[in-house]
Amino acid sequence: MAREVSAKDNHDSPPAPLFDPVELTEWSFYRALIAEFIATLLFLYVTVLTVIGYKSHVGDDCGGLDHLGIAWAFGGMIFILAYCIADISYGHINPAVTFGSLLARKVSLIRAVMYMVAQCLGAISGAGIVKSFQKGYYERNGGGANMVSHGYSKGAGLGAEIIGTFVLVYTVFSATDPKRKAKDSNAPIVYCNESKVLAPLSIGFAVFMVHLATIPITGTGINPARSFGAAVIYNKAEAWDDHWIFWVGPFIGATIAALYHRFVMSAGAA
C-alpha cells in the first residue's frame, strides 16, 4: 500500500557541514572508509582482469569478450558494490561521485577527502593483486590503464570523460533524490525498500551505457581512482601521458552534474 507523502519527503536533506570533526570520533566514519576501500579494490580487480582478458584474445579465433562484455563487467560491478555498501558509505566507489557530493553538500570536506584517499588506495591494491596473479598477461596487455586511443585528440578524450561522468553523477543524484523516493512510494509497483535496489541498478546501467559509448575513445575512465590505480601499477610512460584527462574530465563532469541537479532539478531551485 502506498504511504502518504509528507511535506518533509518532498524536500532535500539538510546540507552536510563543510567541516565536521565529530566524524573523526565515530566508528561509522571509519567503517565507511573501509567499505569504500574494499569496494574499489574489488572493482579494480574484476574490471582490470576483464580488460586484460579481452586484450589477450583480440585476434584469436576463439574470440572472447568484446566491448559489450567489458561494459557489462564495469556496470555490473558498480551495481553489485553500490548495493552492498550503500547503507554504509553511500556507495561512491569513485572520487568524481564523491567530489560531486561534496559540491552538493551531501558529504563534509573531511569525509570527501578521506573517501578519495580510500578509493585510490583500494584501486592501487586491486590492480596490484591482478598484476601479482598474472604479471605476464598484465604487462603485455596494458594493465587495464586508460589512454586516449590512436586517432582521437586529447580534446576528444577530455570531452568524452566530461560527458560520461556527467551522465554518471547526474544519474547518482537523480536515483538517490529523497523526493524521488517519496514519488516512488505512491507508484503502482512493489519496490524493495524503495530505492535500495533501483538506485544501484540505474547507476550501474549508466556506467554500462557510458562504457559502450566511450571505450573506443579513452577506454572509459569516468572514475579517477580506477584510472589512477591502473596507472600506478602498470607505471609505463603511455599510462601517464594523458593521465590528467582522467582527473580533470571527471571532476568537470561531476561539477556540471552537481550544478545542474542543484539549480535545475532540485526543489531548492524553485
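Student: Which residues does Ser 101 touch, not counting residues up to four places away in sequence?

Tutor: A contact means heavy atoms within 4.5 Å. Under that criterion Ser 101 touches His 92, Lys 106, Val 107 and Phe 173, with residues up to four places away in sequence not counted. Please note that this is a predicted model, in which local features need pLDDT of at least 70 and side-chain atom pairs count only at pLDDT 80 or more, whereas totals for chains, interfaces and linings use all residues. Residues are numbered from 1 along each chain as its sequence is written, and side-chain values use heavy atoms, with hydrogens and water left out.

Student: Where does Ser 101 lie, and is it buried or exposed?

Tutor: Helices are DSSP runs (H or I, at least four residues; strands are E, at least two), numbered from the N terminus. Ser 101 lies in helix α3. Buried means under 20% relative accessible area, exposed over 50%, and partly exposed in between, with a 1.4 Å probe and protein chains only. Ser 101 has 4% relative accessibility and therefore counts as buried.

Student: How many residues of α3 are buried, and what do they pack against?

Tutor: Eight of the nine residues of α3 are buried, so the helix is mostly covered. The buried residues are Pro 95, Ala 96, Val 97, Thr 98, Phe 99, Gly 100, Ser 101 and Leu 102. They pack against α4, α6, α9 (224-234) and α11.

Student: How is the packing of α3 with α4 described?

Tutor: The axes of α3 (residues 95-103) and α4 (residues 109-133) come within 9 Å and cross at roughly 175°. Angles under 35 degrees count as roughly parallel, over 145 as roughly antiparallel, 65 to 115 as roughly perpendicular, and the rest as oblique. The pair α3 and α4 is therefore roughly antiparallel. On the α3 side, Pro 95, Thr 98, Phe 99 and Leu 102 meet Leu 109, Ala 112, Tyr 115, Met 116 and Gln 119 of α4. This contact of α3 with α4 has seven nonpolar residues, two polar and no charged. In that classification, Ala, Val, Leu, Ile, Met, Phe, Trp, Tyr, Cys and Pro count as nonpolar, Asp, Glu, Lys and Arg as charged, and the others, Gly among them, as polar.

Student: Why can one helix present separate sets of residues to its partners?

Tutor: An α-helix has 3.6 residues a turn, so residues three or four places apart point the same way. Against α6, the residues of α3 are Ala 96, Val 97, Gly 100 and Ser 101, which meet Thr 165, Leu 168, Val 169, Val 172 and Phe 173. This contact of α3 with α6 comprises six nonpolar, three polar and no charged residues.

Student: At what angle do α3 and α6 pack?

Tutor: The angle is about 55°, with the axes of α3 and α6 10 Å apart. That makes α3 oblique to α6. A crossing is left-handed if the near helix is turned anticlockwise from the far one by less than a right angle, and right-handed if clockwise; the crossing of α3 and α6 is right-handed.

Student: With which residues is Val 169 in contact, leaving aside its neighbours within four places in sequence?

Tutor: Val 169, placed in α6 (residues 154-175), is in contact with Ala 96, Val 97, Ala 254 and Ala 257. At 0% relative accessibility, Val 169 counts as buried.

Tutor: Helix α11 (residues 245-265) packs with α6 at an angle of about 40°, with their axes 7 Å apart. The two helices are therefore oblique to each other, and the crossing of α6 and α11 is right-handed. The contact of α6 with α11 has 17 nonpolar, five polar and two charged residues.

Student: How many helices and strands has the protein?

Tutor: The protein has eleven helices and zero strands. Buried residues make up 46% of its 270 residues.

Methods. Axes fitted to C-alpha atoms, helices over the stretch in contact; angles between N-to-C directions.
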